[in-house]
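This briefing is meant for a reader who is meeting this structure for the first time. Please look at the sequence and the model below before turning to the points that follow.

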Amino acid sequence: MILKDPSLVKKRDAMAAAGAIVAEALNLVARTVAPGVRTGELDAMVEELIRSRGALPSFKGYNGYPASVCTSVNDEIVHGIPGPRRLVSGDILSVDVGAFLGGYHGDAALTIPVGDIDELSARLIRVTRASLEAALTRCRAGNHIGDVGSVVQTMALEAGFQVVRDFTGHGIGRRLHERPQIPNYGRPGAGPVIRSGDALAVEPMINAGTMAIKILEDNWTAVTYDGSRSAHFEHTVFVGERGAEILTPWDWRWDDL
Ligand code: MF3
Ligand code: CO
């Protein structure tokens, strides 16, 4: 990472510290997830970890959100609220974590298989994760936000899936959500230009069925309209002179998926 502006170096370093806590929390969740575990237990573990590192959970209290983690199971896309629900073998669990440290936020997510999952779910997870990795290669100074979304959209459609349009990735920094919005669709060359020093939260959300969604009565949980499953992967990255540095390096691997 070559950065000439010292204030950008400070921003990058502070965000890397916040992001490291997010990654640590997601790694802990990935190790803990198993049939029988309650989503509320994951929330409690993560909140304790974040606070023990001197950080604050970014999501708790954000627009009234009641927890430190979002846990979205199967047809739940994002913003599922942790609680007494027990995971069962065959579920897929999307976990989203944010941490605030030193004046900056980190934000990341991943979708974890619970026990043995069916082949469609495994493919959905593989495609969504691969689309995040492809999207991150497009996060270069001089590229456009449409370059990022278009690669996610193309990969989803080629797999026979659809991208969620009601939620987007986002700039991130001193606030959890900053400009620009980063849709998971678009055209190459369209949208705002990405610049060195930008911090971006890139987060493909891909449904196995239709892109249509609905929000449950808790006013948070977004689910697929048709009940199909959904996967979500997210990294916070910092754009330097030569591409994006991942600031939330969770290291969960699905070699057997
Ligand atoms: N990664 C999600 C987002 O960027 C998490 C926000 S959950 C909320 O929207 F509770 F904070 F809203
Ligand atoms: Co986000």
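The space taken by ligand 1 is the largest pocket, a pocket being, on a 1 Å grid over the protein atoms alone, an open set of points with protein on both sides within 12 Å along at least five of seven lines, and a molecule sits in one if more than half of its atoms lie within 2 Å of its grid points. This is a predicted model, in which local features need pLDDT of at least 70 and side-chain atom pairs count only at pLDDT 80 or more, while totals for chains, interfaces and linings use all residues. Residues are numbered from 1 along each chain as its sequence is written, chains are lettered from A and ligands numbered from 1 in the order in which they are written, and side-chain values use heavy atoms, with hydrogens and water left out.

**Surroundings of ligand 1**

- Ligand 1 is surrounded by 13 residues, of which the closest are Tyr65, Asp96, Asp107, His170 and His177 (a residue counts if one of its heavy atoms lies within 4 Å).
- This shell divides into 6 nonpolar, 3 polar and 4 charged residues.

**Polar contacts of ligand 1**

- Oxygen atoms of ligand 1 lie 2.8 Å from a polar side-chain atom of histidine 170 and 3.1 Å from one of glutamate 203, where a polar contact is a pair of N or O atoms within 3.5 Å.
- In the side chain of glutamate 234, an N or O atom is 3.2 Å from a nitrogen atom of ligand 1.
- On its own, ligand 1 has 330 Å² of accessible area, and the protein covers 94% of that (Shrake-Rupley method, 1.4 Å probe).

**Salt bridges**

- The whole structure holds 9 salt bridges, each a side-chain nitrogen of Lys or Arg within 4 Å of a carboxyl oxygen of Asp or Glu.
- One of them joins glutamate 47 and lysine 60 at 2.8 Å, N to O.

**Backbone**

- Arginine 179 and proline 180 are joined by a cis peptide bond, with omega about 0 degrees.
- Asparagine 63, although not a glycine, has a positive phi of about 50 degrees.

Key
Polar contact = N/O pair within 3.5 Å; in protein donor to acceptor, adjacent residues only side chain to side chain. 1 Å grid on protein atoms, 1.4 Å probe; cavity = no way out; pocket = protein on both sides within 12 Å on 5 of 7 lines; lining within 4 Å. Nonpolar A, V, L, I, M, F, W, Y, C, P; charged D, E, K, R; others polar.
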